[in-house]
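Okay, hi everyone, thanks for making time.

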Amino acid sequence: MPDLRALLVALSLVFMATVLSARQNDADENSAPRDDCSGDAATTAAGTGPLTFSEALARARAGNLGLRAEEARRPVAMAAVAQANERLNPEIQWEAARDAPRQTVTLTLPIEAGGKRARRIAVAEADLRTTAAELSLSDVHLEIDVRRAYFSLAAAQAKAAATDAVVAISRRAAAAASDRYKAGDVARLELLQAQLEADRAAAARCTVDAEVASAAARLWDLLAGTDTGIPTAVDDPLSGPEVDGEESATIAKRESRELQVADLELAAGESRVSLARASRTPDVAIFAGPTFDQPEYATGWKAGAAFTIPVFASGRANLESATATLAQLRAEREAIAGHIGASVTAAAARMNAARREADTLRTSVLPRSLEVQNLAEEAYRAGETDLAAMLQALGASREIQLQAIAAALAYQEARADLELAMGAPLP
């Protein structure tokens, strides 16, 4: 009887151990790194193929809705020139009276004195030239916007690639920790830490997916595209040489579209002052015509001229307004010319510094950090180091990769700032 009782106790203990082991295995499987990102924001859309910056810019120029709206200003300015070319219409008048002459027909021809029509045409043509320059400046701004959006997408995709590498390494580390745990080399705490790091890397990948999708949406908005996929930005963010700040400032003062617009607005303002001055000259109206039904003779004639007397509206206020506006335009032009040099020099300095940092990180620091990361992974899998050392090497490598990506993006941002300050694209 005691032997039977001992046998039952032993069988119960074996059964309990089997159940606990199965539950432990289920817990280990449930704690394995996840592969999916839940939620639409973290889901990466299908790709649409490679896209270069020049292709993106060409598509933006062909279909950007904002640029189309700006282009619609050109016909308006051209119509204003045609309207300014029009002359005043003559006026014909018929009169009937009880007294002689009982009927009169008069043709009146108004004449704009003081050269008003020529000056009105000059104002309209100056506005047309200003509109053309503003459209050219809008094209520069569109290129800057496309540059920012395109290389933001490139940076997000580079970050996604770096995060994929971290996820792969974290999963390999979790698998190695599981093997070492099963072999009894490490505690369960180290296994959970490795699995936690793999889950954290997978969660970061979901965030990067949303960042890529957001950058692609901004780019498609500029390109006026109906695509819902994500193109692959293939251009190197570090494409382009370093620039000389003083030389760029000289080029900007000579070729700045913003400065050209200011000069044309100033010329249009001068034309408006000339028109306001000419408008103070009184207009003349010449009239002539036959008269009928008179006692002395059947048909007669009359002729004369009329002048506007500037008693109430002399045009002085209009001239003062045009003169004040011209002074404002001169001040704005001087302000633009004054800040161009400093803005261009500062942007060129940031651009060159970001390029040098990105070059150093890409060619020197990053390869060594990846080598350290690989050695740390191999050492952990071989049981030569603990998990903390490998995670430290992995974190340092990822930080350097993100720093290199950020420096490359900063180079393109600084180039966009430089082109904005210059008011013209870099060659």
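R330 is partly exposed, at a relative accessible area of 40%. E270 is partly exposed too, with a relative accessible area of 40%. Oh, and keep in mind as we go that this is a predicted model.

There's also a network to look at. Salt bridges with shared partners join R148, R350, E413 and D417 into one network.

How many salt bridges does the structure hold? The count is 23.

Next one, please: R362 and D236. Their side chains meet in a salt bridge, 3.1 Å from N to O. R362 belongs to helix α9 (residues 316-381), while D236 is in the loop between β4 (230-233) and α7 (245-255), so this pair ties together parts that lie 126 residues apart in sequence.

One more salt bridge before we move on. R74 pairs with E71, and here the closest N and O atoms are 3.6 Å apart. On the accessibility side, R74 has a relative accessible area of 31%, so we call R74 partly exposed. E71 comes out at 35%, again partly exposed.

Now let's turn to the helices. Have a look at helix α2 (residues 53-63) and helix α5 (residues 116-182): their axes come within 10 Å and cross at roughly 135°. That angle makes α2 oblique to α5. Which hand does the crossing of α2 and α5 have? This crossing is right-handed.

And who is touching whom? On the α2 side we have F53, A56, L57, A60 and R61. On the α5 side, they meet D139, L142, E143, V146, R147, Y150 and F151. If you sort the residues of this contact of α2 with α5 by type, you get eight nonpolar, four charged and no polar.

That's my tour. Happy to go back to any of these spots on the screen.

Terms used
Residues are numbered from 1 along each chain as its sequence is written. This is a predicted model: local features need pLDDT of at least 70, side-chain atom pairs count only at pLDDT 80 or more; totals for chains, interfaces and linings use all residues. Side-chain values use heavy atoms; hydrogens and water are left out. Axes are lines fitted to C-alpha atoms, for helices over the stretch in contact, and angles run from 0 to 180 degrees between N-to-C directions. Helices (H or I, at least four residues) and strands (E, at least two) are DSSP runs, numbered from the N terminus. Angles under 35 degrees count as roughly parallel, over 145 as roughly antiparallel, 65 to 115 as roughly perpendicular and the rest as oblique. A crossing is left-handed if the near helix is turned anticlockwise from the far one by less than a right angle, and right-handed if clockwise. Contact means heavy atoms within 4.5 Å. Ala, Val, Leu, Ile, Met, Phe, Trp, Tyr, Cys and Pro count as nonpolar, Asp, Glu, Lys and Arg as charged, and the others, Gly among them, as polar. A salt bridge is a side-chain nitrogen of Lys or Arg within 4 Å of a carboxyl oxygen of Asp or Glu. Buried means under 20% relative accessible area, exposed over 50%, partly exposed in between (1.4 Å probe, protein chains only).
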